[in-house]
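Please open the model in your viewer and keep the sequence panel beside it. The stops below are meant to be selected one after another.

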Amino acid sequence: MLYYLLYPLKDTFFGFNVFAYISFRGAGAAITALLISFLIGPKIIRTLSFYQIGETIRKTGPESHLKKEGTPTMGGIIVLLSIILPTILWAKLLDKHILLILMATMWMGAIGFLDDYLKIVKKYSRGLIARYKLTGQITLGLIVGIIVINYPDVTQHATAISIPFVANGTLDVGWFVYLLLSVLVITGTSNAVNITDGLDGLATGLVAIATLVFGAIAYATGRLDYSNYLNIIYLPGTGELFVFCLAMIGASIGFLWFNANPAKVFMGDTGSLAMGAALGTLAVLVKKEILLFLIGGVFVVESFSVMLQIYYFKYTKKKYGEGRRIWKMAPLHHHFELAGWPENHVVVRFWIMGILLALISLSTFKIQ
């Protein structure tokens with residue numbers, strides 16, 4: 001919004017020329033997101049507490065979590081407002097990429113909000129029925145995929161994906177496979193972040209780390225000189241996603257102020273589903289669907305730990321008449337808690353793994 005209002009005045013006052021720079025607007029979005037989090041966070045937390053919108057803790061989980069019973073949840077409202085408002089303020093609102101990423105964030109934010117509302121306010125134990133949630137995720141993936149295919153940034157790359165570790169590595173998979181991949185990436189990432197959101201600050205910090213990588217990728221992908229130097233696909237316009245990424249990082253750090261152990265608020269599905277969908281959509285828009293599995297490797301491991309636990313339990317129950325477990329408890333972060341790691345240690349060590357994977361993923365550009 002500020003770009004359209006102030007940049008045209010550059011001839012009147014040269015200082016307004018800074019709004020042409022994505023780096024300046026990205027920094028403005030990050031700072032604005034932080035300020036919004038700090039300003040609205042306490043008010044929203046007090047409101048959630050007043051209406052007794054608190055987390056219900058499973059009795060089968062780690063005993064240390066029982067004291068978190070009743071902690072305000074649905075704090076994802078703070079995250080959503082801190083992402084959406086700065087993006088509207090600092091990004092080019094008419095840009096296709098910004099419209100798509102905002103749509104994806106709000107779409108899954110609304111589904112997450114409904115899920116939280118049904119579970120916590122209406123006391124429906126399962127919340128939003130899983131198939132309805134999955135339908136919403138699949139629909140979002142199809143919409144994003146169809147738009148990317150029909151309105152490509154570069155025609156020859158409409159249905160292409162990037163192959164890591166290969167110079168100018170692209171593979172045209174065709175429209176059908178590309179749509180399936182778009183659905184898989186957005187649905188999978190949305191659910192993976194939701195699964196990882198089980199400890200104070202864990203998912204929030206990991207999302208900030210992954211988004212920082214995607215911000216760098218979006219910036220480089222949107223510039224012809226950088227994309228040529230790094231041997232990656234040049235997609236004009238994707239640089240604008242850098243502004244969104246900085247807003248999301250600012251919102252994550254701002255929310256972490258309240259979500260760090262001991263958490264004053266949890267984001268709930270309202271925040272985790274939305275942030276996961278945003279990460280997945282970013283990967284699709286910058287053609288880094290495969291690299292997402294490395295950038296978000298902790299999310300991938302967390303998701304697979306749940307799937308392995310479930311399938312192994314069912315398999316052993318069918319074969320031996322008694323279900324057995326691989327982990328003490330899934331997702332994996334709970335396994336380490338029950339193994340004796342303090343919660344803060346689990347969170348920080350998972351963050352360190354996230355940083356390591358982020359650095360490895362960035363290094364792939366120099367060996368292409």
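**First stop: Ala278**

Select Ala278 and, setting aside its neighbours within four places in sequence, show what it is in contact with (heavy atoms within 4.5 Å): these residues are Ile101, Thr105, Phe244 and Met248. This is a predicted model, in which local features need pLDDT of at least 70 and side-chain atom pairs count only at pLDDT 80 or more, while totals for chains, interfaces and linings use all residues. Residues are numbered from 1 along each chain as its sequence is written, and side-chain values use heavy atoms, with hydrogens and water left out.

Ala278 lies in helix H10, residues 268–285; helices here are DSSP runs of H or I with at least four residues, numbered from the N terminus. With a relative accessibility of 1%, Ala278 counts as buried, a term that means under 20% relative accessible area with a 1.4 Å probe and protein chains only.

Next select H3, whose 15 residues should span 21 Å at 1.5 Å a residue, in agreement with the 21 Å between its end C-alpha atoms; the expected span is 1.5 Å times one less than the number of residues. Among the buried residues of H3 are Ile83, Pro86 and Trp90, and what covers the buried residues includes helix H1 (2–6), H2, H4, helix H9 (241–259) and H10.

Move on to Ala91, in the loop between helix H3 (76–90) and helix H4 (96–121). Ala91 is buried, at 0% relative accessible area, and, leaving aside neighbours within four places in sequence, it is in contact with Met1, Arg25, Pro86, Ile98, Glu240 and Val243.

Select residues 22–50, helix H2, which has 29 residues and reaches 41 Å from its first C-alpha to its last, close to the expected 42 Å. Centre on Ile40, where H2 has a kink of about 35°, shortly before the proline Pro42; the bend at a residue is the angle between axes fitted to the seven residues ending there and the seven starting there. After H2 comes Gln52, with a positive phi near 55°.

**Last stop: H7 beside H14**

Finally, show helix H7 (residues 202–221) with helix H14 (residues 343–363), whose axes come within 9 Å and cross at roughly 10°. The two helices are therefore roughly parallel to each other, the term for angles under 35 degrees. The residues of this contact divide into 11 nonpolar, three polar and no charged.

Definitions and conventions:
Axes fitted to C-alpha atoms, helices over the stretch in contact; angles between N-to-C directions. Parallel < 35°, antiparallel > 145°, perpendicular 65-115°, else oblique. Nonpolar A, V, L, I, M, F, W, Y, C, P; charged D, E, K, R; others polar. Buried < 20%, exposed > 50% of the residue type's maximum accessible area, 1.4 Å probe, protein only.
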